[in-house]
Amino acid sequence: MRYWLILQLLASGLSHAQELKEAPLKGFQLGDRVHVGGWFDLWVDDAQGEDVDGYVPHVFFFADLRISQRVRLFTEMASINTEGLGGSTSLQRAYLEFKHSHALKWRLGQFNTPSGLWKEKHWHIMVDANRKPLMAERRYIPMHALGIEASGGAMNAVGNWDYSAFVAQSDNRELDNQASFGADVSFMFQDRYRFGSFYYDYMNSDESSDPLIGQRQTWLTYAEVRLRENVLLLRAERIHVKRQGAADASGAYAKLKWQINQQIFLNYRYDDTDNVETGLPIRSYAHTLTAGYWPTDWLRARIEYGSHKQSIDSWRHEWSAWLGFIF
Amino acid sequence: MLMLALCLFLWQQGNDGFVVIAHRDFPAQSLTKRQLRHIFLKQISTIGKHPIYPIQYRSEESLQALFEAAILGKRFDAKAYWYEQQVQAGEKPPLLVQNEAHALIYIARNPGYIGFVPKGLSLEASKLGAKIIRVSDP
């Protein structure tokens with residue numbers, strides 16, 4: 001009872017006037033409306049048995065301007081140094097977002113192509129392997145879309161739906177007046193089982209490893225299962241690309257992640273994907289085993305052993321180590 | 001002295017579990033763990049037409065860790081989740097209360113708010129007019 005009295009007494013002092021505080025986030029808050037942050041990483045590998053090579057492959061920087069409760073302007077720049085061969089700085093994302101509700105959010109500008117599971121969280125600072133899945137490395141689906149996107153989600157007693165639909169300009173220098181459109185729908189059941197599908201109709205992008213110009217119709221199907229309170233994660237994604245004037249291409253990966261504790265995980269992935277770069281029917285395969293250690297909220301580390309081959313070659317092996325810093 | 005007494009009392013509550021509390025006008029008497037998870041991950045922002053506002057403690061607080069393990073999962077890394085949300089979607093974590101007393105009083109006085117306090121404060125929460133929310137599996 002006396003504690004109740006203490007609380008009552010304190011109640012007069014702790015009232016509406018004592019405001020709640022924002023939880024601290026990584027990055028820097030500039031005034032009330034602007035948040036900036038980013039990350040960079042270090043990479044060391046002995047790719048394909050060559051000499052050990054180390055470099056800074058990524059520096060990302062973002063600025064998030066909250067115009068109002070529902071409207072924000074987000075921009076992200078990146079300097080990307082592919083395989084240590086030289087860097088380029090480019091605008092990754094720049095969009096104006098209007099959040100009507102959890103069920104409907106609009107984005108206008110350049111955003112990540114909302115497709116499947118891997119691309120949703122493709123940044124090296126967030127993923128659980130050093131090497132991307134082969135189907136992502138081939139860039140059959142363009143990384144970004146310039147246009148307008150509607151997305152959102154809904155929840156009921158059974159599970160939750162998420163959707164995204166967008167119209168974008170084709171990212172092809174020779175056919176840049178072509179519009180493209182796509183949609184992704186997924187359903188999560190019991191917060192454990194997620195199934196989804198993505199469709200995209202577009203002109204082949206300049207960034208793709210596929211050298212042929214022409215229309216593409218891509219289906220991506222995916223599934224994810226989380227077991228034992230997120231200790232185990234099983235995931236698979238499969239892509240099928242219908243190529244105008246050429247044979248179809250397809251690819252898939254499957255992975256198993258074991259979250260040993262909050263800081264340490266092991267991840268194994270198997271890849272099997274068409275390689276259409278040369279025009280010959282070549283298939284690529286890869287096994288990737290990764291150990292990750294995320295000791296703090298600003299430092300992340302991974303070490304990885306990979307083994308990969310083209311259908312006409314023998315297996316090649318690689319070690320790589322990665323260190324990421326969030327600022 | 002009063003603050004000291006309160007701190008001592010709250011310290012005594014220890015890790016005796018938690019109860020979920022909400023403002024008396026909160027539009028639900030009970031929630032499943034799954035619903036709570038979605039509320040505290042800000043994947044639900046309304047129940048019916050009523051806006052809801054989760055509040056939490058600093059991540060270093062033992063009560064916060066207890067809640068996260070029980071509701072979000074033992075291996076769930078809330079800091080990593082909110083970093084991803086921040087970079088991907090501009091979402092921010094729930095606002096912070098300073099301590100259990102602040103949570104009790106803020107929730108009791110502000111419609112739509114939901115949070116959690118040590119189980120030992122259930123009676124005090126009721127006396128302040130807050131609603132105790134029953135939590136069921138899954």
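The model is predicted. Over all chains, the structure holds 23 salt bridges. Chain A carries a nonpolar surface patch of about 770 Å². In chain B, helices α2 and α3 pack at an angle of about 125°.

**Salt bridges between chains**

- A:Lys99 and B:Glu91 meet through their side chains in a salt bridge, at 2.5 Å from N to O.
- This pair crosses between chains: A:Lys99 sits in strand β6 of chain A, and B:Glu91 in the loop between α4 (78-89) and β6 (95-96) of chain B.
- A:Lys99 has a relative accessible area of 24%, so A:Lys99 is partly exposed.
- B:Glu91 has a relative accessible area of 15%; the cut-off for buried is under 20%, so B:Glu91 is buried.
- A:Asp191 forms a salt bridge with B:Arg37, with the closest N and O atoms 2.9 Å apart.
- This pair joins two chains, because A:Asp191 lies in the loop between β10 (179-189) and β11 (193-203) of chain A and B:Arg37 lies in helix α2 of chain B.
- A:Asp191 and B:Arg37 are both buried.

**Salt bridges within chain A**

- A:Arg93 and A:Glu76 form a salt bridge, and their closest N and O atoms are 2.9 Å apart.
- A:Arg93 belongs to strand β6 of chain A and A:Glu76 to strand β5 (residues 71-81), so the pair ties together parts 17 residues apart in sequence.
- Both A:Arg93 and A:Glu76 are buried.
- A network of salt bridges links A:Asp64, A:Arg72, A:Glu97 and A:Arg107.

**Nonpolar patch on chain A**

- The patch is made by A:Ile67, A:Leu73, A:Leu96, A:Phe98, A:Trp106, A:Leu108, A:Ile148, A:Val167 and A:Phe181.
- Strands β6 (87-101) and β7 (104-112) of chain A each supply at least two of the patch residues.
- A:Val167, one of the patch residues, is found in strand β9 (residues 159-169) of chain A.
- A:Val167 counts as partly exposed because its relative accessibility is 46%.

**Helix pair in chain B**

- Helix α2 (residues 33-40) and helix α3 (residues 62-72) of chain B have axes 9 Å apart.
- Their angle is about 125°, so α2(B) and α3(B) are oblique to each other.
- From α2(B), the residues B:Lys33, B:Leu36, B:Arg37 and B:Phe40 meet B:Phe67, B:Ala70, B:Ile71 and B:Leu72 in α3(B).
- B:Arg37 takes part in this helix contact and also in the salt bridge with A:Asp191.

How values were computed
Residues numbered from 1 in each chain as written. Chains lettered and ligands numbered in written order. Predicted model: local features only at pLDDT ≥ 70, side-chain atom pairs only at ≥ 80, totals over all residues. Heavy atoms only, no water. Patch = residues over 30% accessible without salt bridge, like charges linked within 9 Å, V, L, I, M, F, W, Y side chains within 5 Å. Areas by Shrake-Rupley, 256 points an atom, 1.4 Å probe, with all protein chains shown as cover. Salt bridge = Lys/Arg side-chain N within 4 Å of Asp/Glu carboxyl O. Helix = DSSP H or I, 4+ residues; strand = E, 2+ residues; numbered from the N terminus. Buried < 20%, exposed > 50% of the residue type's maximum accessible area, 1.4 Å probe, protein only. Axes fitted to C-alpha atoms, helices over the stretch in contact; angles between N-to-C directions. Parallel < 35°, antiparallel > 145°, perpendicular 65-115°, else oblique. Contact = heavy atoms within 4.5 Å.
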